[in-house]
Every structure is written in C-alpha cells, then in structure tokens.
Amino acid sequence: MSRKKQKFTDCAASLGASDYFGTVFDGMCRSEAYQSLNLSARHFYTLCRVQARSPHGRACLYRHGEEFGVTYTDRDFVFPAKHLQLYGVDRGNAHKCFRKLIEAGFIEKREGNKHMKKVNVYRFSEKWKEI
C-alpha cells in the first residue's frame, strides 16, 4: 500500500486581510501558572492577545490615550464590552477571567475606570514566571 502525501498549507497564507493573531508561548503553556488556569481563562488570555493586536483594539487604546493624555506601550490593551461581543464573550465571564489572569500574573490592571464610564486599561505581565 502506498501512502498519499498530504498537503499542508501555510497558516499565514490562509489568513485574510482582516485576520490577526495572538501569541502564546510554549514555555508559558507548560508553566504551572498557566496549567492552573481553567480552560475558559486560557482561552480568554488568547482573546486578549488577539484583541491587543487587532486594529479596533489598538484604535480604542489610542483614542483613550489621546482623550486622557496618556501614552501606552505595546504591552497595554483594552477590551471594552462592545469588543467582547465581537468574540462572543459574556461580560460576567470576562470579569471572572480578568480576575483569574490578574491573580495568576498574566496581566495587570494599569488603569481602572473608577465608575467614570471609561475603559479599563490592562498590561500583559510576566509575573506568572515568579509565582
């Protein structure tokens, strides 16, 4: 019997112009901190990475920074409720996932909204390596 050769397509070639990706590293996935997270929090972390790189996520962060006179780095991101809806994430579930990711050291809250109707600003963190 002969085996048929399978064709593998390059992931980047199959992406459209509106597709963005979020990076999750091998060392992170094998860490105790990452493995202690439930699947929902792991998935949400990946969505945070995608959101941070997407043009609508960057634009929202830029507008927020302009409005309040703050400069943000590439490690900073926002995830407003209207963007949660784009990914099919419930606000209550997102709140729980944010809390778990902060406790585990994967993200930190840079700015809270303090009931002022502005978005929370988060920052990707490497504190999980120390935990």
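1. Buried here means under 20% relative accessible area. Phe-106, with a relative accessible area of 0%, is therefore buried. One thing to keep in mind while reading on: this is a predicted model.

2. Now the aromatics. Searching the whole structure turns up 10 aromatic pairs. Take Tyr-45 and Phe-124: their ring centres are 5.9 Å apart and the planes sit at 80 degrees, so this pair is edge-to-face. Tyr-45 belongs to helix H4 (residues 39-53) and Phe-124 to strand E3 (residues 121-124), so the contact ties together parts 79 residues apart in sequence. Both partners pass the burial cut-off: Tyr-45 has a relative accessible area of 0%, and Phe-124 comes in at 6%.

3. Phe-106 has a partner too, namely Trp-128, and that pair is stacked, with 5.5 Å from centre to centre and 10 degrees between the planes. Phe-106 is in the loop between helix H7 (91-104) and strand E2 (107-111), while Trp-128 is in the segment after E3, so the pair links parts that are 22 residues apart in sequence. Trp-128 also counts as buried, at 11% relative accessibility.

4. Arg-49 lies over the face of its ring, 4.1 Å from the ring centre. Both residues turn up again at the second largest pocket: Arg-49 and Phe-124 are among the lining residues nearest its centre, along with Thr-23, Asp-74 and Arg-75.

5. What about the rest of that second largest pocket? About 310 Å³ of space lies in it, and 16 residues line it. H4 provides the largest share of the lining, four residues. By type, the lining splits into six nonpolar, three polar and seven charged residues.

6. Helix H5 (55-68), helix H6 (81-86) and H7 each supply at least two lining residues, with H7 giving the most, six.

7. Which residue types line the largest pocket: nonpolar, polar or charged? The lining divides into 11 nonpolar, four polar and seven charged residues.

Key
Residues are numbered from 1 along each chain as its sequence is written. This is a predicted model: local features need pLDDT of at least 70, side-chain atom pairs count only at pLDDT 80 or more; totals for chains, interfaces and linings use all residues. Side-chain values use heavy atoms; hydrogens and water are left out. Rings of Phe, Tyr and Trp (its six-membered ring) pair if their centres lie within 6.5 Å; planes under 30 degrees apart count as stacked, over 60 as edge-to-face and the rest as tilted. Buried means under 20% relative accessible area, exposed over 50%, partly exposed in between (1.4 Å probe, protein chains only). A charge sits over a ring if NZ of Lys or CZ of Arg is within 6 Å of the ring centre and within 35 degrees of the ring normal. Ala, Val, Leu, Ile, Met, Phe, Trp, Tyr, Cys and Pro count as nonpolar, Asp, Glu, Lys and Arg as charged, and the others, Gly among them, as polar. On a 1 Å grid over the protein atoms alone, a cavity is a set of points where a 1.4 Å probe fits but cannot get out, and a pocket is an open set with protein on both sides within 12 Å along at least five of seven lines; lining residues have an atom within 4 Å of a point. Grid points are joined across faces, edges and corners, and a volume is the space filled by probe spheres set on the points.
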